Amino acid sequence: MQNFQDVQRAATALRDAIQAAQGPLALPLGARRLDPKAAPDADAPVGIVLGTGLSALAEKLQDRVVVPYTDLPGFPASSVEGHTGAFVWGRFAGACGEDDSIGRYALIQQGRCHLYEGRTPAEVCMGVRVMALMGVKTLVITNAAGGLNPQFDAGGIMCMSDIINHTGHSPLTGINAEEWGPRFPDMCAPLDADLRAMAMETAAKMGLRLERGVYIGVHGPEMETPAETRMYRQWGADAVGMSTVLEIIAARHMGMRVLGLSCLTNKNLPDCMTPAPLEEILAVAAVAGKNLGRLIRAMVTKL
């Protein structure tokens with residue numbers, strides 16, 4: 001499920017829209033396999049995927065260009081509340097004490113689509129693949145998740161150390177696009193250890209508590225039963241959500257470095273489960289999202 005031509009058309013339309021607003025981009029557009037061992041490229045834009053209720057970070061960009069998904073041919077729009085549905089191109093100003101003109105360009109995906117909306121794995125991963133064709137080499141991917149680790153609190157942030165794909169799907173099913181990546185990509189390190197260490201160090205300097213743990217992605221849209229919650233915890237998962245894992249697989253297939261961050265919107269304790277309505281999830285995500293945004297902005301010029 002590697003929709004090569006669809007991704008190429010959407011990336012071309014996105015690039016054209018940004019260039020129409022800001023002028024030519026000094027970025028090569030085209031499918032190519034990134035070298036995961038290559039040194040970080042300070043001139044490449046950082047890609048950021050903002051999950052449920054976390055779209056506010058895109059408002060911090062300077063010289064913003066907003067391109068709705070509906071303006072891109074074949075690009076899937078999300079039908080879920082809390083997902084804006086647009087790419088935002090712009091520049092984060094320099095860190096404190098730096099010249100604001102230094103900054104770092106970013107391509108932000110405000111919202112995503114999900115398997116439970118009836119989307120295919122190829123559609124779910126289309127945003128990440130478009131980012132790769134737009135020159136993104138480092139991806140920060142976020143989500144709202146339920147905490148499984150009893151030591152984690154609602155409103156906290158977890159840095160993903162690993163993932164479990166429990167969706168029953170893979171974005172790499174079908175004929176492989178060799179231009180994007182190998183037939184059997186290695187997944188011994190789906191999340192980048194250096195990026196994770198940078199996130200932990202940055203959070204500590206900010207006085208921000210950052211948990212570390214394993215994220216399990218499920219199909220949804222129903223919430224977890226107590227028995228499922230207990231099983232996921234026994235498997236070693238610390239947080240659970242309905243997104244992210246397929247996008248990480250697609251990003252790693254294309255050679256991108258990935259940092260995963262989860263906003264913990266509720267606690268899933270199997271012996272005392274309580275409902276987690278979307279309104280409450282959005283409210284907690286909005287509060288936790290402020291700290292998440294601070295962390296990403298503090299890191300982005302270093303990525």
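Predicted model: local features only at pLDDT ≥ 70, side-chain atom pairs only at ≥ 80, totals over all residues.
Local features require pLDDT of at least 70 and side-chain atom pairs count only at pLDDT 80 or more, whereas totals for chains, interfaces and linings use all residues. Residues are numbered from 1 along each chain as its sequence is written, and side-chain values use heavy atoms, with hydrogens and water left out.

**View A. Salt bridge between arginine 9 and aspartate 6.** A salt bridge is defined as a side-chain nitrogen of Lys or Arg within 4 Å of a carboxyl oxygen of Asp or Glu; a search of the whole structure finds 9. In this pair the N to O distance is 2.5 Å. Both residues belong to helix α1 (residues 4-22), where they are 3 residues apart, about one turn of the helix. Helices are DSSP runs (H or I, at least four residues), numbered from the N terminus. Arginine 9 is partly exposed at 45% relative accessible area, and aspartate 6 is partly exposed at 32%. Buried means under 20% relative accessible area, exposed over 50%, and partly exposed in between (1.4 Å probe, protein chains only).

**View B. Salt bridge between arginine 209 and glutamate 211.** The side chains meet with an N to O distance of 2.7 Å. Arginine 209 is exposed, with a relative accessible area of 61%, whereas glutamate 211 is buried, with a value of 11%.

**View C. Salt bridge between arginine 233 and aspartate 238.** Here the N to O distance between the side chains is 2.9 Å. Arginine 233 is partly exposed at 31% relative accessibility, while aspartate 238 is buried, with a relative accessible area of 9%.

How values were computed: Helix = DSSP H or I, 4+ residues; strand = E, 2+ residues; numbered from the N terminus.
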